[in-house]
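Dear colleague,

I am passing a structure on to you, with a short account of what came out of it.

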Amino acid sequence: MALTNNKKICPFKEDPKLISKINYKDYKFLRKFITEQGKIIPGFVTGVSSKYQRMLTKEIKKARNIALLPYVHDPRN
Amino acid sequence: MNYYETLYIVHPALESGRLKDIIISIQGMFESKDIKVLCTDYWGKKKLAYLIDKQQYGSYVLVQLQSNGDNINKINTELEHNPDVLSYLTSRIDESNLIKDSRSLDDQILGSKSSESENKSTEAAKVESSSSDSKEDSSDPEPKEESSGSDSKEEPSDSDSSEVSSDEEVSDSDNDNEELTSEDKDGADE
């Protein structure tokens with residue numbers, strides 16, 4: 001079995017300035033890490049390392065609580 | 001002493017005068033519980049991601065607090081029982097995340113519309129400079145700026161200024177989507 005070498009690089013390790021954007025108030029940035037349905041995209045798809053994925057998950061859930069991000073996609077909108 | 005921030009949503013039906021009264025009464029409630037209010041930031045009327053109490057819109061207000069942490073649970077129960085507050089979220093923050101330059105409440109509530117239009121125009125300019133769009137796309141934001149400017153001039157005479165702002169925001173958020181879709185369409189046509 002040949003191992004493929006297309007490993008994804010974590011965007012937050014590439015550009016540490018982005019780490020300060022992991023905040024529920026910056027919900028437009030967090031929108032990159034949820035699907036159209038509103039689900040959180042898993043880290044193995046986006047390449048985010050587990051440390052920052054944990055931070056993202058917490059902040060996305062906070063933003064959902066205060067209605068900045070949807071829990072589920074609303075077909076009326 | 002720890003630092004906290006509370007983001008709460010005020011009912012959208014309240015006009016700018018009553019909104020200010022409610023923000024001040026909530027500030028007084030904080031101070032009556034030995035919590036120091038460091039700054040208040042009015043975000044403006046925004047569309048909610050889902051309906052809360054059958055409301056589609058809400059006015060977001062962010063308050064940063066300094067407290068030793070004893071009474072933070074009590075302010076949450078106060079906000080829970082306030083009928084004008086749709087939803088709230090309190091979280092602990094670091095000292096580095098404090099907002100340093102804060103404007104007065106009047107400026108924020110009355111001037112939020114004009115500043116928002118300025119921000120949007122700068123954002124539109126950034127979008128234009130970053131992406132090599134066709135002339136049709138670049139021509140769209142210009143009429144918006146003109147219309148928003150005329151609205152801001154008329155604001156002092158109008159009593160229904162809050163409604164104007166909500167309409168503007170709706171149209172702008174829709175326009176963002178439209179721009180994306182129009183780009184997609186262009187790509188599909190090519």
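The term pLDDT stands for the predictor's confidence in each residue, on a scale from 0 to 100. The model is a predicted one, and for chain A the mean pLDDT is 90, with 92% of the residues of that chain reaching 70 or more. Among the elements of chain A, the lowest mean pLDDT, 91, belongs to helix H3 (residues 43-46), whereas the highest, 95, belongs to helix H4 (residues 50-65).

Turning to chain B, its 190 residues include 17% that are buried, and the chain contains 6 helices and 4 strands, which follow one another along the sequence in the pattern β-α-β-β-α-β-α-α-α-α. If one takes the contacts in chain B between residues at least 6 apart in sequence, 77% of them join residues that are at least 24 apart.

As for how the chains meet, 9 residues of chain B are in contact with 9 residues of chain A. On the side of chain B that touches chain A, at least two residues each come from strand E1 (2-10), strand E2 (36-52) and strand E4 (85-93) of chain B, and E2(B) gives the most, with 4 residues. Sorted by class, that side of chain B consists of 7 nonpolar and 2 polar residues, with no charged residues.

With best regards

Notes
Residues are numbered from 1 along each chain as its sequence is written. Chains are lettered from A and ligands numbered from 1 in the order in which they are written. This is a predicted model: local features need pLDDT of at least 70, side-chain atom pairs count only at pLDDT 80 or more; totals for chains, interfaces and linings use all residues. Two residues are in contact if their C-beta atoms, placed from the backbone, lie within 7 Å. Ala, Val, Leu, Ile, Met, Phe, Trp, Tyr, Cys and Pro count as nonpolar, Asp, Glu, Lys and Arg as charged, and the others, Gly among them, as polar. A residue is buried if 20 or more other C-beta atoms lie within 10 Å of its own, exposed if 12 or fewer, and partly exposed in between; C-beta atoms are placed from the backbone.
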